[in-house]
Amino acid sequence: MAGDSVARVLVLHAQYTDRLSYYDDWLDAFRDSPLFDVTAVNIVSRTARDDIVRALTGSDLVVLLHSTNGDTTIYLEPFAEQLADRTCPLLSFIGNEVNLPGSPISAKRDVLRNIRPDYVATQLLKEAGDYLWGDLVSKAVVELPHALNPAAFRPGQPQADRPIDIGVRAVRYLPHLGDSDRNALHDFFDSHTFAPDLEVDISTQRFDRDGWAAFLQSCKATVSSEAGTWWLERDDATIEAIRAWTAARMKGKGLVIANDSALRRLGHKLPWWMRAALRKLMSAGPVRHESTVTEDLPADEIYETFFVGRQRPAFYGKCISSRHFDAAGTGTVQILLEGRYNDILEAGVHYLPLKEDFSNIDAVMDRFRDPVARREIADATLGLVMDHHTYAHRVKAVYALLES
């Protein structure tokens, strides 16, 4: 392609939630880019098949966003044959690159095998992305982590005026991941007694994009870790073993609706408040959903049974997440467990590094309490992501694939 030409791109997405802001950020990034003439098709809609037929003609590229496979592949699977018959390159992003009972890696591999993508864009370091998807692409696995949407996540009120010292909104990691670092970190800050006292606000409440941005803008700092787990498998063998172990424990204790039940599609069509109500209803009693059962499983027992003694894979399985970029955009200081963060964030410069055993907590909090130090870290991190890691930068990288 000529460097100054506009490419016609068909962007497929699945619109079923407004509680995952990066779904919206990626879609907006393609729509807003001057490099692309975008036709966006919601594969959940009834007209999706006909819309795809019309848009495929003359397209220079097909892009599958994270929402098409992140939580489930049930919306994407009916279009696999149609997409495999394309005449232009296809790039698939991958959502939730971890083994989960409701979103298995094997299901994503199966649908991608049928689609035959030219490129897969991984959130992980390339070494891990190559392991999971490298045998399914005709050209390459490319490392394209999340980024900052500066239109949605911006600094807002000054640090000194923010009412919450440390704030977190995040779901808890399931014991199936074999990794409880983030849960332990949040539990520590939620229960620790700080002197002088701090305003700490940590919960699993979920926001839409505007609500999430507003919450971050009210926090001086947030605490987190890298996303994902050390343990990644192409076949979900450990997940399936844990599911079987769980089913044996639940035998005779009522009906458990499986994560892969046909009712899942119906659940996705319900408004968020109704889904939350049903989830609460099925968290106890004679009829439960597998997702609520798994949240109550004994994490220590699962770790001892399925993970102790195993050798970690040779590749690095954790990564930076959209939450890190969102916090950077709002000028919210990040207290993070030490890690690589896709080799983007530098410890001590872009975040306050906390050791896994929290042994340096006093030194970290001393620096956090220094308003000058907080400002320096917030400014350095915002400058870094604005210069190199906005969604506009990521979309430009996609365009470069076409040029090459």
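Predicted model: local features only at pLDDT ≥ 70, side-chain atom pairs only at ≥ 80, totals over all residues.
Residues are numbered from 1 along each chain as its sequence is written. Local features need pLDDT of at least 70, side-chain atom pairs count only at pLDDT 80 or more, totals for chains, interfaces and linings use all residues, and side-chain values use heavy atoms, without hydrogens or water.

**Exercise 1.** Classify the pair Phe 30 and Phe 93 as stacked, tilted or edge-to-face.

Solution. 
- Recall the rule: rings of Phe, Tyr and Trp (its six-membered ring) pair if their centres lie within 6.5 Å; planes under 30 degrees apart are stacked, over 60 edge-to-face, the rest tilted.
- Take the values for Phe 30 and Phe 93: the centres are 6.5 Å apart and the planes are at 75°, so the pair is edge-to-face.
- Place the residues: Phe 30 is in helix H1 (21-32) and Phe 93 in strand S4 (90-93), so the pair ties together parts 63 residues apart in sequence. Helices (H or I, at least four residues) and strands (E, at least two) are DSSP runs, numbered from the N terminus.

**Exercise 2.** Classify the pair Phe 207 and Phe 215, then decide whether each residue is buried or partly exposed.

Solution. 
- The centres lie 5.8 Å apart with 35° between the planes; the pair is tilted.
- Buried means under 20% relative accessible area, exposed over 50%, partly exposed in between (1.4 Å probe, protein chains only).
- Phe 207 has 21%, so Phe 207 is partly exposed.
- Phe 215 has 6%, so Phe 215 is buried.

**Exercise 3.** Which residues form one aromatic cluster?

Solution. 
- The cluster consists of Trp 26, Phe 30, Phe 36, Phe 93, Tyr 391 and Tyr 399.
- Two of its members, Phe 30 and Phe 93, are buried.
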